[in-house]
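Colleague: I'd like to learn how to read a model like this, one feature at a time. Can we go through it together?

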Amino acid sequence: MSAKTADKIATAVIVGVAAFIVLVLAGLLGFILYRGVGHISFHFLTSAPETIRKGGGIGPQLFNSVFLLVLTMIITIPIGLGAGIYMSEYAPANKITSGIRLIVEVLSSVPSIVVGLFGLLVIVNLFGFGFSLFSGALALTVFNLPLMVRITEQGLKGVPREQKEASLALGLSKWKTITSVMLPIAMPVILTGTILAAGRVFGEAAALLFTAGMSSPRLDFTNWNPLSPFSPLNPFRPAETLAVHIWKINSEGLAPDAAQIAAGASAVLVITVLVFNFAARWLGRYMYRKFTAIK
Amino acid sequence: MAQSLERQKAKPHIAEEWVGKVYTLLCIAFLITTIVSIVYFVASKGLSTFFVNHVSLTNLVTGLKWSPDGQPPVFGALPFIFGSFSTSILAAVIAAPLSFCAAVFMIEIAPKFGRRYLQPVIELLAGIPSVVYGFVGLSVIVPFFRDVFPGQGVGIAAGALVLSVMILPTITTIATDALAALPKGLKEGSYALGSTRWQTIYRIVLPTTLPALMTGIVLGIARAFGEALAVQMVIGNAPHIPHSLFESASTLTSAITLSMGNTAMGSVANNALWSLALILMFMTFVFVFIVRWLEGRKKL
């Protein structure tokens, strides 16, 4: 075989594989949406699930997922930003810092189920928060922090050195330089990354099985007192999220329309993740354009 | 007088600086405390199987029978360990060539089209939640295997196939970065000598980026190893070493997911599950160190 023929065959194979990957994603999305979208209705999105009868919805689960996402991000963002700023600006270049870097790397690759087990042992049992949204949010914080640190570091590394030095030369303190000069410049990167991290939180289930619990109490959506055990706003109640719900009905669903509910819920989950993705992309591009005045 | 004024002005600056330093230090301290306590708690629970319940380590790692309710209870985790390794390695075997092709396509063959269409597709694949992968696996791959091959359709093949799609983005992203970082001179030199594109890829690009590609593959295996729900949904969950790829099997994660809720804290059966979690965590460390080692080689 001549070199040219080999080249042509190889190119064809590589292009074929690339097309195949695009097809797999298209098939995947197509399948989920095709199977699920038909089942999505206002009733499906707002009503409570049924255990045995047909026609259950995913209202509480959807609410729990959103609430948990907000709670997690409220805890994760300040800590992740702080730790990221430390790693990129304050950490001296020595052995301890590279040790910390290794620790962050290890934490980011700990399987989410192990994080969930740790949450069960320490947050749920030892600290006594029980199966609750708050426990779930803490477990997801652990799971998400390394990502947040990496995103912040990446954003700050992208800030032009001259800008940082100009600010320091004008007599601003280091902290002031970071918060009012560097963070705004790094914002597009950080924000894009944060939205993608949020998408990950929304779909995470393994870490939540043993922390946020696999059941949801009957929620009373007219009760907005955060201290009442039946109020949706109470962060100390058990909460099954959408992703956990999909897993549960797939493995032990008793309702006759369990397959449709799983399909519908998967479609909702995937659509949400798609929205997060596109929002991140769009926002990143928009902010980049706005800050750099490039059209 | 002038000096004291200056000092007063400087004070808020210094205070501000301290606030920043202490705050970021606290954040990083929280992170370190977390990982240390994860290791400590999982290890103390996982090791108590051996020290409190006196199950022998060799029995746990090499035993073939897992029956926590038996008389006496037997804890042989080899089927789970085997399941975890075989699914994740098989997944990497499927995903690695695909990822390499995708990376080559994006960097060498059609950079514009690749960046515009293939990259977002890969990123989307990374963003799809694992339960959704599990659901699709359960409703597409498992019935397909059931029709085509003997058996129930669940098993290592189904698990590996689902995992391969899940780790494809991890490997592709790292391979793409590695190919993009390759010095231009290398490729141009090869082209100038009259090589075709494939010869350049095969003889120049592949060998030079091999450590980075290996890093990607190890990270992919690590991710597959720790994945719980998607695998649990399609693998069948029988605690045996299967005779074929299409027979029900189990992994470390699926065993933990299924049984953790049904055992009482502190019982032998529960501690044995923590030992499985400890094995998972230990393997995570091993993967991280392999990656570190590979990255060290890359610099040479």
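Colleague: Is Asn237(B) buried or exposed?

Modeller: The general idea is to count neighbours: a residue is buried if 20 or more other C-beta atoms lie within 10 Å of its own, exposed if 12 or fewer, and partly exposed in between, with C-beta atoms placed from the backbone. Asn237(B) is buried, because 20 other C-beta atoms lie within 10 Å. Its phi is positive, about 65 degrees, although Asn237(B) is not a glycine. You'll find Asn237(B) in the loop between α9 (229-235) and α10 (252-259) of chain B. Helices here are DSSP runs of H or I with at least four residues, strands are runs of E with at least two, and both are numbered from the N terminus.

Colleague: Before we go on, what should I know about the model and its numbering?

Modeller: It's a predicted model, so local features need pLDDT of at least 70 and side-chain atom pairs count only at pLDDT 80 or more, while totals for chains, interfaces and linings use all residues. Residues are numbered from 1 along each chain as its sequence is written, and chains are lettered from A and ligands numbered from 1 in the order in which they are written.

Colleague: How many helices and strands does chain A have?

Modeller: Chain A has 10 helices and zero strands. Its C-alpha trace spans about 70 × 70 × 40 Å along the principal axes, and 47% of its 295 residues count as buried.

Colleague: Why is α9(A) called largely enclosed?

Modeller: Nine of its 11 residues are buried, so α9(A) is largely enclosed by the rest of the structure. Among those buried residues are His245(A), Trp247(A), Lys248(A) and Asn250(A).

Colleague: How many residues does each chain bring to the contact between A and B?

Modeller: Two residues are in contact if their C-beta atoms, placed from the backbone, lie within 7 Å. On that basis, 67 residues come from chain A and 66 residues from chain B. On the chain A side, α1(A) gives the largest share, 18 residues. By class, that side has 50 nonpolar, 12 polar and five charged residues. Ala, Val, Leu, Ile, Met, Phe, Trp, Tyr, Cys and Pro count as nonpolar, Asp, Glu, Lys and Arg as charged, and the others, Gly among them, as polar.

Colleague: Which residues touch the most other members of the largest nonpolar core?

Modeller: A nonpolar core is a set of buried Ala, Val, Leu, Ile, Met, Phe, Trp, Tyr and Cys residues joined through C-beta atoms within 7 Å. This one has 179 residues, and Val114(A), Ile246(A), Ala158(B), Val162(B), Val234(B) and Ala277(B) touch the most other members. Helix α6 (residues 156-180) of chain B supplies the largest share, 16 residues. Setting aside neighbours within four places in sequence, Ala277(B) is in contact with Val114(A), Leu117(A), Val42(B), Gly46(B) and Ile256(B).

Colleague: And where are the domains of chain B?

Modeller: Domain bounds come from an automatic or database assignment, which gives domain 1 (2-52) and domain 2 (74-299) for chain B. Their C-alpha centres lie 35 Å apart, and six residues of domain 1 of chain B are in contact with seven of domain 2. Separately, an unreviewed UniProt entry lists "domain: ABC transmembrane type-1" for residues 81-291 of chain B. UniProt positions are in the numbering used here, feature names are shortened, and annotations may be inferred rather than shown by experiment. Over residues 81-291, chain B is 80% helix and 0% strand, with the end C-alpha atoms 21 Å apart.
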